Amino acid sequence: MFVPRPASYRVLWLLLVVAVAAGSRYWQYRSRLLRGTASATTQPTLAVPRAERMRGVNWVAADSLSAQDMEPLVQAHVTWIAQTPFGWQPDAAKPEIRVRTASNGRGFWGEGDQGLLRTAQWARQRGIRTLLKPHLWLRTGGTWPGDVRMTSSADWQAWFVSYSAFMLHYAALAEQGHMEALCIGTELEHASTEHETEWRELIRQIRAVYHGSLTYAANWSGEFEKIRFWDALDFIGVQAYFPLSTTNHPDKQALLKAWAEPRRRLEAVQRRYHKPIVFTEVGYKTTPDAAIEPWKWPDRTALPATPDEATQAACYAAMFETFWPRPWLQGVFVWKWYPGLQADGSARRHLDFTPQHKPAERIMAEWFGK
C-alpha cells in the first residue's frame, strides 16, 4: 500500500479541486445548452399589437365611386379594405389566364387598374389601407379556384407561367398605387399544396417588384394546413368559412363551443410557422342556416324570404369573441361590403353576406373599435 507524503496530499487536493470545478463548469454548460436548445425549439409567444391589427372588409367593386363612400367605413372603425380584380381562366384544366386591366364594358370600373388605384387613393385619404387580392374566375370546368387542376406536368408549367404574369401585373400595380399588402393567390388548393417550388419562385419574383406585405388566402377545409411556403410570406391568410352548426338558428354559446376545434387547428399552424394569422375572408349570410355551410350563397329561390339578422349577429359575436383576444391574430376581413348600400337596399343584398345596416355591423364596429 502506498502511503503518500504531505506534498502528495497537496497534489491530490489540487487534483480534486480541479475535478470538482471542471464538473461544475460541465453541469453549468450542460444547463445552458439545454436552456439554449429549449429556447431554439420553443418559440416565444407571438403578440400582434392591437393597434396594428387589420380591421378589414372585402370591398365590392362598383361602376362609380366617390370619396363619400368611404365615410361608413370610418364610422365602423374599418382600417383596411381588400380589393378583388379577376383573372379569367377558360377552364379549370386549361393553363391560360387572361388579365383584364380595364373594364371595357365587360366588368365593373372598380375592377380595372384605374378603378383599383383610385379606390386605394380615396381609402388612404381616410386612413384606410388596401390589401390587393386578385382572384381567378373559371368560365367552365369548375365552380371555384380550388377546381383548378392541370392534367400534365407540362400544363402545370404553362399554368404557372401564365399565373405568374397575372400576379406580377398586380404586384406592379400594388407598388405603383402604394397599396400596403398583396395576396398572391386564393383557394388554389391543388396548385398551392402540390407545387411548393413554383410558389417560392413566384414569391421571389414578386418581392423584386413589390415591397409591401405578402400573404396567400388558403381555404378553411384543409388547404391552410398543407401549404409549406408560409415561412416565405408575412402572414398566414385563411378563408375562414368553417362550418359551425348542423341546425338552423344556433345560439352564440353553441357557436363558441363549435369554434374550439377550428381554433386548435389554426393555432397548430401558427405555432409551426410562427406567423400571425389573418382571416382574409370571414362572413355569414343573413339566413337561418348561416353557420351550416357559411361559404354558400343564399338560395336565390328563397327570395323574398325574411332575413334572419339574429343568426348572422350571433355568428359575428362568436367569431370575434373567440379570435379577437388571441395575440397571434393579425386581423379580419369581413365578407363583404357594398359601397353606397342604403338601409332600404335590395332583398338579395339583405339576405347575402353584408353586415351593413344590420346588428352584425354594430357588433363588427364594436370589436374593431376596441
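Trainee: How much of the protein chain counts as buried?
Mentor: In this predicted model, 49% of the 370 residues of the protein chain count as buried. The chain holds 12 helices and 11 strands, and among contacts between residues at least 6 apart in sequence, 76% join residues at least 24 apart.

Trainee: And what does the pLDDT average over the chain?
Mentor: The average is 88, and 84% of the residues score at least 70. Where pLDDT is low, the predicted coordinates should not be read in detail.

Trainee: Switching to pockets, how much space lies in the largest one?
Mentor: About 1300 Å³ of space lies in the largest pocket. Its lining is made up of 42 residues, and the closest to the centre of the pocket are F86, W137, W297, W335 and K336.

Trainee: Which helices and strands supply at least two residues each to that lining?
Mentor: They are the strands β1 (54-59), β3 (86-91), β6 (135-140) and β11 (329-337), together with the helices α3 (113-125) and α11 (347-351). Strand β6 gives the most, with 4 residues.

Trainee: How do the lining residues divide into nonpolar, polar and charged?
Mentor: The lining of the largest pocket has 22 nonpolar, 12 polar and 8 charged residues.

Trainee: You mentioned W335 and K336; what kind of peptide bond joins them?
Mentor: A cis peptide bond joins W335 and K336, with omega about 0°, and K336 lies in strand β11. As background, most peptide bonds are trans. W335 and K336 are also both among the residues closest to the centre of the largest pocket.

Trainee: Back to α3, then: which of its residues are buried, and what do they pack against?
Mentor: The buried residues of α3 are D113, G115, L116, L117, T119, A120, W122 and A123, and they pack against β1, β2, β5 (129-132) and α4. Helix α3 has 13 residues and reaches 19 Å from its first C-alpha to its last, close to the 18 Å expected at 1.5 Å a residue. Just after α3, G127 takes a positive phi of about 80°.

Trainee: How far apart are the end C-alpha atoms of α4?
Mentor: They are 34 Å apart, which agrees with the 34 Å that the 24 residues of helix α4 (residues 153-176) should span at 1.5 Å a residue. The buried residues of α4 include W156, W159, F160, Y163, F166, M167 and Y170. An α-helix has 3.6 residues a turn, so residues three or four places apart point the same way. After α4 comes H178, whose phi is positive, near 55°.

Trainee: Where are H77 and H249, and what are their phi values?
Mentor: H77 is in the loop between α2 (71-75) and β2, where it has a positive phi of about 65° although it is not a glycine. H249 is in the loop between β9 (236-239) and α8 (252-258), and its phi is also positive, about 55°, although it is not a glycine. Most residues other than glycine have a negative phi.

Trainee: Why does H249 count as exposed?
Mentor: H249 counts as exposed because its relative accessibility is 52%, and exposed means over 50%. H77, at 39% relative accessibility, counts as partly exposed.

Trainee: What about T286, buried or exposed?
Mentor: T286 is buried, with a relative accessible area of 0%, and it is found in the loop between β10 (277-282) and α10 (309-323). Leaving aside neighbours within four places in sequence, T286 is in contact with P307, D308, E309, Q312, H350, L351, D352, T354 and K358.

Trainee: And T84, which residues does it touch?
Mentor: Not counting residues up to four places away in sequence, T84 touches E111, K133 and H135. T84 is found in the loop between β2 (80-83) and β3, and at 14% relative accessibility it counts as buried.

Trainee: Last one, F108: how far is it from D63?
Mentor: F108 and D63 are 5.0 Å apart in space, C-alpha to C-alpha, and 45 residues apart in sequence. F108 sits in the loop between β4 (98-99) and α3, and it is partly exposed, with a relative accessible area of 38%.

Terms used. Residues are numbered from 1 along each chain as its sequence is written. This is a predicted model: local features need pLDDT of at least 70, side-chain atom pairs count only at pLDDT 80 or more; totals for chains, interfaces and linings use all residues. Side-chain values use heavy atoms; hydrogens and water are left out. The expected span of a helix is 1.5 Å times one less than its number of residues. Buried means under 20% relative accessible area, exposed over 50%, partly exposed in between (1.4 Å probe, protein chains only). On a 1 Å grid over the protein atoms alone, a cavity is a set of points where a 1.4 Å probe fits but cannot get out, and a pocket is an open set with protein on both sides within 12 Å along at least five of seven lines; lining residues have an atom within 4 Å of a point. Grid points are joined across faces, edges and corners, and a volume is the space filled by probe spheres set on the points. Ala, Val, Leu, Ile, Met, Phe, Trp, Tyr, Cys and Pro count as nonpolar, Asp, Glu, Lys and Arg as charged, and the others, Gly among them, as polar. pLDDT is the predictor's confidence in each residue, from 0 to 100. Contact means heavy atoms within 4.5 Å.
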